[in-house]
Amino acid sequence: MAKPNWNKTLSEVLKQPTMQIVLTSKTTGKEYTADVVRQLPVVSTGVIDEVEGGFKYSIVDTKNNLEYTIKAPQKVDIKFGVILVFTNVRGGATSTGNGWFSAESVEVAKRNE
């Protein structure tokens with residue numbers, strides 16, 4: 001008999017479709033499989049913090065009424081309201097009950113002109 005599981009999947013937390021991809025650990029060099037959101041367009045709050053190994057972007061997902069931060073390895077110019085597109089977003093739970101989110105890359109969305 002299966003026990004109830006209180007852990008949510010990335011898809012349930014971010015309310016976005018996910019897919020599984022094979023990634024390589026930067027610390028061990030070993031491959032692992034992770035659920036990722038392939039492309040995640042969100043709105044910047046204009047706040048970016050430099051942290052070890054990259055930059056944390058404060059964002060809002062207006063479609064799903066969510067506000068959180070995503071870490072990415074590169075810095076892009078942002079201001080309030082700019083649409084950012086994160087690639088291969090993954091994440092998990094922390095001991096505080098919040099979550100962590102990390103992306104392979106980030107770019108400012110191209111505007112249709």
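This is a predicted model: local features need pLDDT of at least 70, side-chain atom pairs count only at pLDDT 80 or more; totals for chains, interfaces and linings use all residues.
Contact means that heavy atoms lie within 4.5 Å of each other.

**First stop: threonine 45**

Select threonine 45, which is placed in strand S2. Which residues does threonine 45 contact, once its neighbours within four places in sequence are left aside? They are Ser58, Ile59, Val60 and Phe80. Threonine 45 and glutamine 16 are separated by 29 residues in sequence, and their C-alpha atoms are 20 Å apart in space.

**Second stop: the nonpolar core**

Select Tyr57, Tyr68, Leu84 and Phe86, the residues with the most contacts inside the largest nonpolar core, which has 21 residues. Then colour the elements that give two or more residues to this core: helix H1 (10-14) and the strands S2 (31-51), S3 (54-61), S4 (66-72) and S5 (83-93). The largest share comes from S4, with four residues. In soluble globular proteins, nonpolar side chains tend to be buried together.

Keep leucine 84 selected and display its surroundings. Apart from neighbours within four places in sequence, leucine 84 is in contact with a list of residues that includes Leu40, Pro41, Val42 and Ser44. Tyr57 and Ile59 also belong to that list, as do Val76 and Ile78.

Move to threonine 87, in strand S5. Is threonine 87 buried or exposed? Its relative accessible area is 17%, and because buried means under 20%, threonine 87 counts as buried. Now show the side chain of glutamine 39: a polar contact of 3.2 Å joins it to the side chain of threonine 87. Not counting residues up to four places away in sequence, threonine 87 touches Val37, Arg38, Gln39, Ala103, Glu104 and Ser105.

Select asparagine 88, which also lies in strand S5. Asparagine 88 is buried, with a relative accessible area of 4%. Its phi is positive, about 50°, although it is not a glycine.

What is the phi of asparagine 65? It is positive, about 55°, although this residue is not a glycine. Asparagine 65 is exposed, with a relative accessible area of 72%.

Select Lys8, Thr9, Val13, Gly92 and Ala93, which lie nearest the centre of the largest pocket among its 19 lining residues. The volume of this pocket is about 420 Å³. H1, S2, S5 and strand S6 (99-102) each supply at least two residues of its lining, and S5 gives the most, with four residues. By residue class, the lining of the largest pocket divides into seven nonpolar, eight polar and four charged residues.

**Last stop: the second largest pocket**

Finally, select Thr24, Lys26, Tyr32, Arg90 and Ser102. Of the 14 residues that line the second largest pocket, these lie nearest its centre. About 350 Å³ of space lies in this pocket. Which elements each supply at least two residues of its lining? They are strand S1 (19-24), S4 and S6. The lining of the second largest pocket is made up of six nonpolar, four polar and four charged residues.

Methods: Residues are numbered from 1 along each chain as its sequence is written. Side-chain values use heavy atoms; hydrogens and water are left out. A nonpolar core is a set of buried Ala, Val, Leu, Ile, Met, Phe, Trp, Tyr and Cys residues joined through side-chain atoms within 4.5 Å. Buried means under 20% relative accessible area, exposed over 50%, partly exposed in between (1.4 Å probe, protein chains only). A polar contact is a pair of N or O atoms within 3.5 Å; within protein, one must be able to donate a hydrogen and the other to accept it, and residues adjacent in sequence count only if both atoms are side-chain atoms. On a 1 Å grid over the protein atoms alone, a cavity is a set of points where a 1.4 Å probe fits but cannot get out, and a pocket is an open set with protein on both sides within 12 Å along at least five of seven lines; lining residues have an atom within 4 Å of a point. Grid points are joined across faces, edges and corners, and a volume is the space filled by probe spheres set on the points. Ala, Val, Leu, Ile, Met, Phe, Trp, Tyr, Cys and Pro count as nonpolar, Asp, Glu, Lys and Arg as charged, and the others, Gly among them, as polar.
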